[in-house]
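Here are my notes on the model you sent, as numbered points. Please read them with the structure open.

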Amino acid sequence: MISRIESDDERCIWCRSCELVCSLHHEGECNPAFSRIRISLNLFKSEAESHVCKQCEDPECLKACPVEAIRMDEENGIYIILESECTACGLCAEACPYNSKKKILFFNPARKVYVKCDLCSGNPQCVQICPSKALRYVVG
Amino acid sequence: MALYGWVGKILRVNLKNGRMNRADTMRYAKRLIGGRGVAAGIAWEEIPPGIDAFDPENKLIIMTGPLNGTLAPTSGGRITFAGVAPQAYPKPHYTRSNMGGYWGAELKYSGYDGLIIEGKASSPVYLWIKDGEAEIRDSRKLWGLDTFAAQKKLIKEHGEGVQTVCIGPAGENLVRIACVQHGIENAAGQGGFGAVMGSKNLKAITVKGSCGVPIARPEEFIEVCKYANRVAHTPEEPSEDSVLRRKACGMSCSLLGCGAGGLNIYRKVKGKAHPRLYTGAVQCASPAYLKFKPWKAGFEAAQLADMYGINHWEIVLGLTGTGQWLNKCVEKGIITEKDLGVPIDLESGTFWSELLRKIAYREGIGKVFAEGIPRAADIIGKGHEDSPHVAHGYETHWDGHLFGRPRYPYWIVAALQWAMDSRDPLVHCYAEEITYWTARPGSPVSIKQLKAIGKRLYGSELAVDPESNYEYKAQPTIWHQNRLAVDDSVPVCEEICPTIYSRISPDGFGDTSLEAKLFSAATGIDVSEGGLDLIGSRIYNLERAIMVHEGRTRRDDESVIPYFHRPDRAGIRLNVEKFGALMDEFYELRGWDPETGWPRRETLKKLDLKDVADELERIQRLPD
């Protein structure tokens with residue numbers, strides 16, 4: 001099995017610290033718009049929904065990539081986007097069946113590549129910061 | 001030079017002529033950090049002293065600080081609203097109100113550290129800001145809507161993820177206790193800034209952005225934030241499953257077991273006054289509504305207060321609940337069923353739903369209560385002796401009397417803070433965290449540890465000794481005034497900072513340098529705890545200068561005395577003579593003239609406020 005982040009949205013306390021630590025760790029700034037994990041918060045329904053790469057067994061994004069930039073990182077047992085290979089065509093983001101809101105796999109304008117959760121190379125910061133154990137790191 | 005923490009610009013919007021321009025945040029932030037500090041800097045320069053809250057010349061200043069929008073625990077959305085406040089009494093004066101939620105963070109992502117709203121629009125408008133671009137838009141279709149409906153409509157208009165602050169009917173109708181509402185249970189409650197928005201014909205401000213907040217030392221900052229989550233004090237250990245019902249009250253509020261309780265969520269509660277389902281929250285003061293009968297009708301009343309945009313504090317700690325003013329007025333026959341226009345049932349949720357509606361629309365008796373309790377008592381001409389009004393237009397708040405917390409001698413510090421402030425002082429740290437919880441079962445620190453904390457922080461055990469009296473009470477007052485000014489400016493929630501005690505440290509000490517650690521790693525400007533407290537003192541003195549410019553003197557400070565002279569629950573009254581001497585001591589320690597209560601030139605000069613001293617001298621309000 002592949003490593004991944006699992007979420008229990010009922011346990012989410014709505015602090016969105018996962019978004020802040022993700023963007024800070026990867027981009028050096030706190031910016032939910034660049035976070036590879038997102039929390040959709042509907043306050044008026046009192047509902048939270050998390051969006052993060054599910055690390056599919058047979059990923060559509062990988063199959064869609066024309067330059068084979070999406071590869072298995074054997075060391076950490078996850079699929080990652082090799083930024084040096086990415087041509088920013090966006091076919092991966094279109095192919096992902098969970099990405100209709102462009103919150104899981106999306107274009108990063110500063111780096112001019114598509115990005116998604118890379119599990120912080122086996123040390124996911126969002127799981128560490130989550131105060132309510134709504135996020136869990138499942139090692140494959 | 002690259003800027004970290006701040007995003008660099010404050011947007012100025014003139015609603016009368018539609019003009020906008022951008023001011024450099026650092027012109028103010030270098031001396032005053034952000035939030036409450038920068039708001040005071042702008043108010044000092046721009047708001048004409050003595051102006052009425054509803055005068056178009058009044059400004060609504062909305063400011064974030066360098067930690068807003070960042071991972072710093074509780075800092076994310078915490079934001080200051082400031083200006084001349086209609087709730088202030090006996091006449092409107094400058095003060096501030098603070099709010100959590102998500103809006104303050106999103107404002108920074110939209111590219112601005114703050115907003116200065118000037119003038120009055122000729123017809124209802126709202127402000128829409130996205131990624132640096134701002135637009136004043138027609139809000140006639142939003143006018144009249146409750147705060148939930150208006151926010152939903154703006155989400156529909158501008159898309160998922162936008163954040164809004166807005167007013168309901170109460171703000172539109174210039175109710176002096178109208179709040180600025182955001183989300184389901186965040187509000188800038190105290191001050192009546194909702195009515196200031198109403199007076200400007202400003203229904204809402206909606207923001208969205210993808211500009212980030214750059215952090216100077218990201219990995220160090222992440223570590224400090226994780227450490228802050230561990231070391232921060234909480235009055236109780238949170239239970240594992242509290243997270244299923246209790247939610248954070250805003251962005252980056254990653255602490256469980258907050259003293260204010262977090263948002264208590266209720267879904268699809270059937271209303272009694274209106275046939276509809278309510279989903280929302282209560283927290284801090286508003287769980288008191290659930291004591292009305294049946295509780296579902298009480299919950300409905302709480303939601304209606306949010307939707308009308310009425311300050312909960314005025315209702316549940318003023319009119320009813322702890323304050324009991326209406327209850328006592330009814331008991332004494334000062335207010336009758338005929339005056340109220342509804343059958344009296346003070347324990348009924350539907351009664352309160354109806355009364356809240358009357359206040360929001362200024363109908364019948366609602367017109368009187370819409371003025372806030374001290375003015376309402378003046379209008380009625382009776383009931384002053386039962387009023388929960390402490391001073392400056394604000395009702396009971398951790399003062400040890402109506403509330404019963406904290407106990408004597410600790411409320412002496414609260415009395416001194418109340419005396420000197422422009423609103424109810426946020427005395428939580430000393431009065432709640434330190435001296436209230438310690439006397440209760442399951443206390444996180446012992447009396448022995450508390451005394452050691454008192455010695456280390458304030459210079460003497462007497463500052464926190466339960467057997468002490470008026471000695472050594474000015475020092476903790478000043479320490480907390482300065483620190484709270486810092487915490488409202490960087491900002492960080494005062495429920496967790498200053499972190500004076502901690503459950504995880506063997507000697508009970510927390511870490512009062514937490515703010516300095518967060519600030520330094522975020523901005524790259526290394527500052528010590530003492531350095532920040534000096535800035536806190538500057539902010540506090542600048543606010544005092546604004547008050548002095550408005551005419552404040554020692555006599556106004558003394559207006560707290562009658563309230564504190566009432567017996568507390570143990571029958572103890574303020575000793576007026578000793579309190580007078582304590583005030584003298586306070587003024588001397590502050591470097592203010594004890595006779596007038598005005599700051600001295602050398603005090604202001606030492607705090608890099610020479611320009612402020614010059615202005616006070618010009619208007620002849622600098623002591624000889």
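1. The model is predicted. To begin with a helix pair across the two chains: H1(A) and H7(B) are roughly antiparallel to each other, because their angle is over 145 degrees. The angle itself is about 155°, and the axes lie 9 Å apart. The crossing of H1(A) and H7(B) is left-handed.

2. Which residues make this helix contact? From H1(A) come Val21(A), Leu24(A) and His25(A). They meet Pro218(B), Phe221(B) and Ile222(B) of H7(B). Sorted by class, the contact of H1(A) with H7(B) holds five nonpolar residues, one polar residue and no charged residues.

3. Chain B also contains an open sheet of six strands with mixed pairing. The strand order is E8-E7-E12-E9-E10-E11. At the edges are strand E8 (133–138) and strand E11 (186–188) of chain B, each of which pairs on one side only. On average, neighbouring strands of this sheet are turned by 20° against each other, direction ignored.

4. Within that sheet, look at strand E7 (residues 125–130) and strand E12 (residues 202–208) of chain B. These two strands pair in the parallel sense, over six bridges.

5. On the domains of chain B, the assignment gives domain 1 as 9–208, domain 2 as 262–387 and domain 3 as 394–618. How far apart are the C-alpha centres of domain 2 and domain 3 of chain B? They lie 32 Å apart.

6. The contact between these two domains takes seven residues from domain 2 of chain B and four residues from domain 3 of chain B. On the side of domain 2 that touches domain 3, helix H9 (residues 312–319) of chain B gives the most, with four residues. By class, the residues on that side of domain 2 are three nonpolar, three polar and one charged.

Methods: Residues numbered from 1 in each chain as written. Chains lettered and ligands numbered in written order. Predicted model: local features only at pLDDT ≥ 70, side-chain atom pairs only at ≥ 80, totals over all residues. Pairing = 2+ DSSP bridges. Axes fitted to C-alpha atoms, helices over the stretch in contact; angles between N-to-C directions. Parallel < 35°, antiparallel > 145°, perpendicular 65-115°, else oblique. Left-handed = near helix turned anticlockwise from the far one by under 90°. Nonpolar A, V, L, I, M, F, W, Y, C, P; charged D, E, K, R; others polar. Domains from an automatic or database assignment.
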